[in-house]
Amino acid sequence: MEIITTTPELAAITRELVGTLASVTSLAKPETNYHQVDAKPSDVVKVARADLFVRCGMDLDMWADALLGSSRNAKVQRGAPGYVDASARVRKLEVPTGGINGASGDVHAAGNPHFWFDPKDAVVVAYEILLALLAVDKAHGNTYNANYKRFTDEITARLAGWEKTLAPFKGQGFVAYHDEWVYFATRFGLNQFGFLEPKPGIPPSGGHVTDLIQRMKASKVRAVVMGSIYSTKYADLIAREAGGKVAVVPYSVGGLGTRTYFEYLDAIVNGFAKALR
Amino acid sequence: MENTPLITFDDATLGYGRRVVLPSLTFGLSEGGYLGIVGPNGAGKTTLLKGILGILPPTAGKVTHHRPLTFGYVPQAQTTDDLFPITVLEIVLMGRYRRAGLLKTPGSDDRARAERALEQVGLPHLSTRLFRELSGGQKQRVLMARALVSEPDVLVLDEPTSAMDIAAESATMELIERIHHESRLLVVLVSHSLNIVANHAQTVAILGGAHFQIGPVEEIVQPDTLRGLFHYDFKILEVEGRRLVL
Amino acid sequence: MENTPLITFDDATLGYGRRVVLPSLTFGLSEGGYLGIVGPNGAGKTTLLKGILGILPPTAGKVTHHRPLTFGYVPQAQTTDDLFPITVLEIVLMGRYRRAGLLKTPGSDDRARAERALEQVGLPHLSTRLFRELSGGQKQRVLMARALVSEPDVLVLDEPTSAMDIAAESATMELIERIHHESRLLVVLVSHSLNIVANHAQTVAILGGAHFQIGPVEEIVQPDTLRGLFHYDFKILEVEGRRLVL
Amino acid sequence: MPVCVRAQAPPPPPPEATAPETTSATPAPMAATMTTDTPAAEHDEALPEELKHASVAKVFGLDFMQRALVAGVAVGLIGAYLGVFVVLRRVVFVGMALAQFSSAGVALGLLLGLAPLLGSIGMMLVGVFLLSLRWSPRKVRQDTVIGLGYVLASAVTILLLAKNPRGETQLLDLLSGNIITVTQADTLLTIGALAVVFVLHRLFAKELLFVSFDPDTAQAAGYNTRLWETLLTLSIGIAIAFSIHAVGILLTFGTLVIPAVSALLLTKRISHTFTLAAVLGAIPIPLGLYLSFIWDFSPGAMIVALSAVLLVVCGLLSKVRS
Amino acid sequence: MPVCVRAQAPPPPPPEATAPETTSATPAPMAATMTTDTPAAEHDEALPEELKHASVAKVFGLDFMQRALVAGVAVGLIGAYLGVFVVLRRVVFVGMALAQFSSAGVALGLLLGLAPLLGSIGMMLVGVFLLSLRWSPRKVRQDTVIGLGYVLASAVTILLLAKNPRGETQLLDLLSGNIITVTQADTLLTIGALAVVFVLHRLFAKELLFVSFDPDTAQAAGYNTRLWETLLTLSIGIAIAFSIHAVGILLTFGTLVIPAVSALLLTKRISHTFTLAAVLGAIPIPLGLYLSFIWDFSPGAMIVALSAVLLVVCGLLSKVRS
Ligand SMILES: Nc1ncnc2c1ncn2[C@@H]1O[C@H](COP(=O)(O)OP(=O)(O)OP(=O)(O)O)[C@@H](O)[C@H]1O
Ligand SMILES: Nc1ncnc2c1ncn2[C@@H]1O[C@H](COP(=O)(O)OP(=O)(O)OP(=O)(O)O)[C@@H](O)[C@H]1O
Ligand SMILES: [Mg+2]
Ligand SMILES: [Mg+2]
Ligand SMILES: [Zn+2]
């Protein structure tokens, strides 16, 4: 069986479920910006042959729509059993409140799409994928169920460890590169204190940086966490000006030597712990 | 002057921005005329031609074209871009574009005319050469051929023989003369060669400073008039039936 | 010819790519000479000048500059860019750049010379005007002033008076004559006006087809030679001490 | 419950339900086994062997490759044809500027609550219009206007996004397509638009050439040069806009510039230049698509690279000839 | 049915799964918590009142703003000065092309295992060199060479990165200079490089002008035009490279083009053009930095926008004067 995912994280979670029963490929390569992916012919072929297509949804991987369209693979079109929107059951954060008005822009109505940073949401995602696996490959249902159970159990087990690691920092603030940690922070009781570059690609103003530095000093926040693909220039500035402690964490599974979802989260949790310490 | 008027200047002032070059001109040009324009450098000859062509609208007064006119124009300096790989024949054919009309490509008749025009300016052998690879005089001759081949209502020539050799110059002037006679077109010619103007134009306009004078060639081309204008001592001889201005 | 040789052509062939324009030229030019070049359009006059200047290297043979030479050059067509907001005086001052030397800016002496040169070409009042807003003849006179002010070893003039009025032409030719005498520079002049060449040049080169002839002016400017070249019937008169080619 | 696509399958208990306390009991010895059999980094790298050796027939038997071929050849032929004008008029970056206008339009649309696509198309048209105006031709040339348009549109995009509460910048590329994901509808639309522009250019070939080459004389001959120049810029702008939408910025830009230069190096008649440019624009399309398929490269970049190879060949030929 | 959309309802057990009893027992009260949105989007929106009304003295009392001011004014003055050449020679996109070469260099460096910075600088210098060559000036103008360089470097970058995706990171890092994050060391380095280029340009002002304006006559007068043109392109390229590194592409590009055009609209002597351009390049720097601070906008985009306002003012003045 061929399974295609849009991001390496989804691929990692899927692998936990399928083990060796299927080949799992992410369209976005590790350590590349998964918001924008330039499709190659092989990507279309991959999607065309896929039995299962797992995407993030919530407008994060809109580039996949064109690929799906080009593939003409009925098995994985929206609505088909082989199409998985991983965000479907996730409790969504930062959904614009107060209705959709002009200022908020309707396309962002979906909320913050970086849900996989919460291990429990990873389980929700796994569940979503499990359902689809059961639908398209009944024969191996037992294995999938067992793998799912193993995955959830391991998440449960590891989560305890992660929570223990981060427990001393509960309620503490940290500064992120941009707004992608809300699920993680909510899970571990951390306080997403501010952003270096609130909107990707839009350089922050001097006022923003000053505000951030002042607030960091006032609140004694020193931790700065950033994904491994981002430029360190703002972090360096904050480190200079506010005595920040910078931790670089893998941007995606496959980054900084991580291979599985667990290693990925290990690295992230350790990074946070290092920065917050 | 029973000829139909083509262009009228009514108290028209020509200039660039706030710089007035030719104040309040009033005169008319008719079918079949041959106007020679003389005057020292910077007097406004080219400016006057641009006014006649309608490229430079008057800053005051009015310039009227009595009917839509097509002009065959040979400018003083070439404004074409050397980057274009355009052959001599293609350039001459441009003169036929307007006649061919919209949506039509120039046909074999146009091509034959273009080739004849190239012969007339003495360059039949250059038709497939790139325009940008011609010598200065060759270029000028090609542009002259283009102007002639367009069968214009008005032929506007700004020192059209300045880069030509002496044989080409005399052949060109004779060619213009012939076409002028045959098709009764209006010719407007700027030239520094008083010889040429004196021998070909019917009417002469003299420009210089605030000075503007227009009239039949016999009246205007006189040593006194010229001396005042050019600050140069002219002699006018008649040698073998041709006027010679020295 | 006890004068020091400046430039020598040794069996030099000039042309563009595979097109040969002037095959195997052999001649020399010396300090204090005055070479007039005549020939019909496309004969290769401009090409020869480019060979003399060293802009166009010979495709065969050799062109030697016997010492590093500075040239004052007035090209046939202007190659300057109209986008530059450059005033007339700034352009003339360019002629002084080389004399001023590297790392030095032209001083008040250079400025004075530039202004005098503008006077000599009859345009003292235009020094602060933008070059691109001049008339054709005015531009040519400014470029002439620039060439003169540079005090070159060789003055290379490609139809330098083609856009000038008759007074400016004669003034310019006299100016060149005077400078030639005063500073013993080598003048190389292309002109279609045989009158000018006949009256100013000491040596004349005649170009045309495969034909190349160089010699003292008296030998070369003869009706028969010219007729063969231009296919045009010349008369040569002497009027009041000046040669007149008709 | 027809609303709920997935609901009919009896799903397992919700993951959230596994309250941390109850599950923490489970030991986690699987870590070792799990990680060994999932070497994450490697298996998405290589292309399957059979794809690496796919035949031309097989590759272009795929319907998305067919669509890519058709859209690509249309853009290649007509883009390269128009590119001759673009290069001769020295406005090679006009496509970049228009793409940037389109981004600014997306940002504006987001701020005003309009559909981003609408903003994008609207601003691109505004861009085409602004670039076709004659500003102050003596002092500011069209290439400078294009540079100004590019940098201003970039700055405006950033300023607009700054005040948009949730600026997700990936939307900026909204109008930029990819040759292999072009839809049937877009292919037809693009071919239609390009065909209209091309027919316009053939019908008015002589006027557009005359006015570009020698505007003064054309005006004297009775042509409304301003009108024709506007038509020229407008038609090129529209062709570029559609091409970007269908095949992306890089390929559009490359098609516009490279074949035209190659053709200019070799030809001595403008009509031949146009023809050769179109041919050279089309040649790398099938080849590039095929190679990008079997070598697993981005097709746009591959086609541009092949186009550059042709340029080098043309450059050498032209050196040899002279 | 809202229940369905959110799927908060306790789902039934999986089809073939032996439903894990342990978990199904727990009820699912999360529906309530799910909709509670963390208001994360808000706290980065508005600047505190005190910063919104910060005085000029306070803003430029901050040392990173001081560095930004110093680096910015240096780039503004010298960039705009050089911009006059860039606009007059119609190579306004030279900065874009060099930035793209630098990207290709990063990609190449990664492939060859070199340091990305080395690759970046190396390829930018290669780009400067390639652009300063005289290719076939009769057939291919410099602006076209710049377009070709830009598109080829883009394609090469994509092709090189295809086999090494991690390069994107380094690319971003090297190319997205930002005026407010410039370090002391980079400020000094940039000022040093710009000063060298500027002194070079002052020392050889007359030669560079002559050769740009009238290469044929300059050559006849004894200048080695090819050498001087190479020096010109090289010096501008180096200044651009350092500026991009210090203040980013957008600001570098804007500084290069906009003030020069403004100055050309108003001046009638080239020496005045250079001076006015430098002044117009410097003016928006402090103003833009200050306004971007109190209004919370990207400084680069803000400065470019102010520069554009100055351009409009100059355009109106020039209209009034004629
Ligand atoms: N760049 C070029 N490439 C190819 N051929 C050229 C080039 N320039 C000139 N020619 C050709 O070389 C020959 C000589 O040209 P040249 O310009 O030297 O003539 P000329 O004697 O100066 O003529 P004119 O009196 O018209 O100025 C002409 O036949 C011309 O067509
Ligand atoms: N674009 C322009 N802007 C401002 N002034 C100009 C412009 N073109 C020409 N002039 C000025 O207008 C006057 C007339 O110029 P014009 O070109 O008509 O002279 P001309 O009689 O054709 O001279 P020439 O014999 O040198 O060709 C000159 O003083 C010239 O400096
Ligand atoms: Mg004139
Ligand atoms: Mg010549
Ligand atoms: Zn995101």
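Modeller: E159(C) sits in the loop that runs between β6 (154-158) and α5 (166-183) of chain C. Please keep in mind that this is a predicted model. The backbone of E159(C) has a positive phi of about 45 degrees, although the residue is not a glycine. With a relative accessible area of 5%, E159(C) counts as buried, because the cut-off for that is under 20%.

Look for M58(A) in the loop between β3 (52-55) and α3 (63-71) of chain A. The relative accessible area of M58(A) is 8%, so this residue is buried.

While you are in chain A, have a look at the zinc ion (ligand 5). The NE2 atoms of H35(A) and H114(A) coordinate the ion, at 2.1 to 2.3 Å. H35(A) and H114(A) are both buried.

Now to the ligands that bring chains together, starting with ligand 1. The shell around ligand 1 draws on chains B, C and E, so this site is shared between chains. It has 21 residues, and those that come nearest are R129(B), S135(B), G137(B), T46(C) and T47(C). By type, the shell divides into eleven polar, six charged and four nonpolar residues. An N or O atom in the side chain of S135(B) is 2.5 Å from an oxygen atom of ligand 1. For Q138(B), an N or O atom of the side chain is 2.9 Å from a ligand oxygen. The backbone takes part too, with a polar backbone atom of E133(B) 2.9 Å from a nitrogen atom of ligand 1. On its own, ligand 1 has 630 Å² of accessible area, and the protein covers 93% of this. Helix α4 (136-149) of chain B, with β2 (19-30) and α1 (45-53) of chain C, are the elements that give two or more residues to this shell.

Ligand 2 is the next stop, and it lies between chains B, C and D. Of the 22 residues around ligand 2, T46(B), T47(B), R129(C), S135(C) and G137(C) come nearest. Five of the residues in this shell are nonpolar, eleven polar and six charged. A polar side-chain atom of T47(B) lies 2.4 Å from an oxygen atom of ligand 2, and a polar side-chain atom of H192(B) lies 3.1 Å from a ligand oxygen. G44(B) contributes through its backbone, where a polar atom is 2.8 Å from an oxygen of ligand 2. Taken alone, ligand 2 exposes 630 Å², of which the protein buries 92%. At least two residues of the shell come from each of β2 (19-30) and α1 of chain B and α4 (136-149) of chain C.

The magnesium ion (ligand 3) is coordinated by OG1 of T46(B) and OE1 of Q76(B), at 1.9 to 2.2 Å. T46(B) is in helix α1 (residues 45-53) of chain B, and Q76(B), 30 residues apart from it, is in the loop between β5 (71-74) and α2 (88-100). The relative accessibility of Q76(B) is 23%, so this residue counts as partly exposed.

To place these residues in chain B as a whole, turn to the domain assignment. It gives domain 1 (1-26 + 39-69), domain 2 (70-154 + 162-184) and domain 3 (193-246). Taken over C-alpha atoms, the centres of domain 2 and domain 3 of chain B are 29 Å apart.

Definitions and conventions:
Residues are numbered from 1 along each chain as its sequence is written. Chains are lettered from A and ligands numbered from 1 in the order in which they are written. This is a predicted model: local features need pLDDT of at least 70, side-chain atom pairs count only at pLDDT 80 or more; totals for chains, interfaces and linings use all residues. Side-chain values use heavy atoms; hydrogens and water are left out. Donors are N, O and S atoms within 2.8 Å of the metal (3.2 Å for Na, K and Ca); water is not among the atoms, so sites may look incomplete. Helices (H or I, at least four residues) and strands (E, at least two) are DSSP runs, numbered from the N terminus. Buried means under 20% relative accessible area, exposed over 50%, partly exposed in between (1.4 Å probe, protein chains only). Domain bounds come from an automatic or database domain assignment. A residue is near a molecule or strand if one of its heavy atoms lies within 4 Å of it. A polar contact is a pair of N or O atoms within 3.5 Å; within protein, one must be able to donate a hydrogen and the other to accept it, and residues adjacent in sequence count only if both atoms are side-chain atoms. Accessible areas come from the Shrake-Rupley method with a 1.4 Å probe; for residues, only the protein chains shown count as cover. Ala, Val, Leu, Ile, Met, Phe, Trp, Tyr, Cys and Pro count as nonpolar, Asp, Glu, Lys and Arg as charged, and the others, Gly among them, as polar.
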